[in-house]
Amino acid sequence: MADAKPSKPKASTPFAFADAAKAKAKAKAVAADEAGHGATPRPAEHGRRWLRWACCGLAAAGALAAVVMLSLSLTVLKVRDPTLSMDSVSVRWFSVRFDARALLRINVTLAGTIVIRNPNYESMRFGASDTEIFVDGVDGAVGVGRAPPGEVPARGASRVTADVDVFVDRVGPAVVGEVLFGSGEVQLASRTAVDGRISVLGGLYGRRTVRVAMRCRVALRVSAAAVGVAGNPACVADFGR
């Protein structure tokens, strides 16, 4: 009986190598996918990040609001006192005569133009202003006048006219003697006060009351034929009010 021929070992099939390569590639893909999932932030960390951004935004908004309020408090919300000035003084009417007892009677009506300036960013309403006339060395007023109420626009000016009746003969023989035998000049002093009200932001931030006053000096030149104003009035603010 003949010996059996030794059989050749079977060669490995290519399908086995393909399966092994697929398994290795799949394993690498799974590992890469797990690594990628590991780099994704967790929900808790994501929430904390948004919380930090929200806190930073609120802090920035608060700082901006503080800057805006400071700017408003120094400009719009800050109420400043208005200013007064006497633009001009003129003689509207006068009377120089002797009465039945041979006493000199001098009556004058002066028209003074008052300028009210409003430095605020809101308009100002003001009431009727009072003007009093004095003569040095004489107690009490020798004349009184009144200007109508009105309104001054924001950061603007308004002019009002006050008619003041002055009774020069009431101030005594010295002034009458100056008119009859002297230069005919009578020195007068006036005081004007104005009360106003300013509505801040249309009244949303409240209403503020302001008061301003001024003192002026003016000279009258009086004669039997005419009465005139000598020079321009000189005025200063009256902080005593």
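**Cysteines and core: a short briefing**

Cys56 is exposed, because its relative accessible area is 52%, and the cut-off for that word is over 50%. This is a predicted model, so let's treat the picture below as a computed one.

- Cys56 takes part in no disulfide, and its nearest cysteine sulfur, in Cys55, lies 7.0 Å away.
- Cys55 has a relative accessible area of 45%, so Cys55 counts as partly exposed.

**The disulfide**
- The count comes to one disulfide, and Cys216 and Cys235 form this bond, with a distance of 2.0 Å from S to S.
- This pair ties together distant parts of the chain, 19 residues apart: Cys216 sits in strand E9 and Cys235 in strand E10 (residues 227-237).
- The torsion about the S-S bond is about 110 degrees, which means that the disulfide is right-handed.
- Cys216 is buried, at 5% relative accessibility, while Cys235 is partly exposed, at 29%.

**The nonpolar core**
- The largest nonpolar core has 32 residues, and Ile114, Ile116, Val166 and Leu188 have the most contacts inside it.
- Several strands each supply at least two residues of this core, among them E1 (83-98), E2 (104-117) and E8 (185-199).
- Strand E9 gives the most to this core, with seven residues.

Conventions:
Residues are numbered from 1 along each chain as its sequence is written. This is a predicted model: local features need pLDDT of at least 70, side-chain atom pairs count only at pLDDT 80 or more; totals for chains, interfaces and linings use all residues. Side-chain values use heavy atoms; hydrogens and water are left out. A nonpolar core is a set of buried Ala, Val, Leu, Ile, Met, Phe, Trp, Tyr and Cys residues joined through side-chain atoms within 4.5 Å. Buried means under 20% relative accessible area, exposed over 50%, partly exposed in between (1.4 Å probe, protein chains only). Helices (H or I, at least four residues) and strands (E, at least two) are DSSP runs, numbered from the N terminus. A disulfide is a pair of cysteine sulfur atoms within 2.5 Å.
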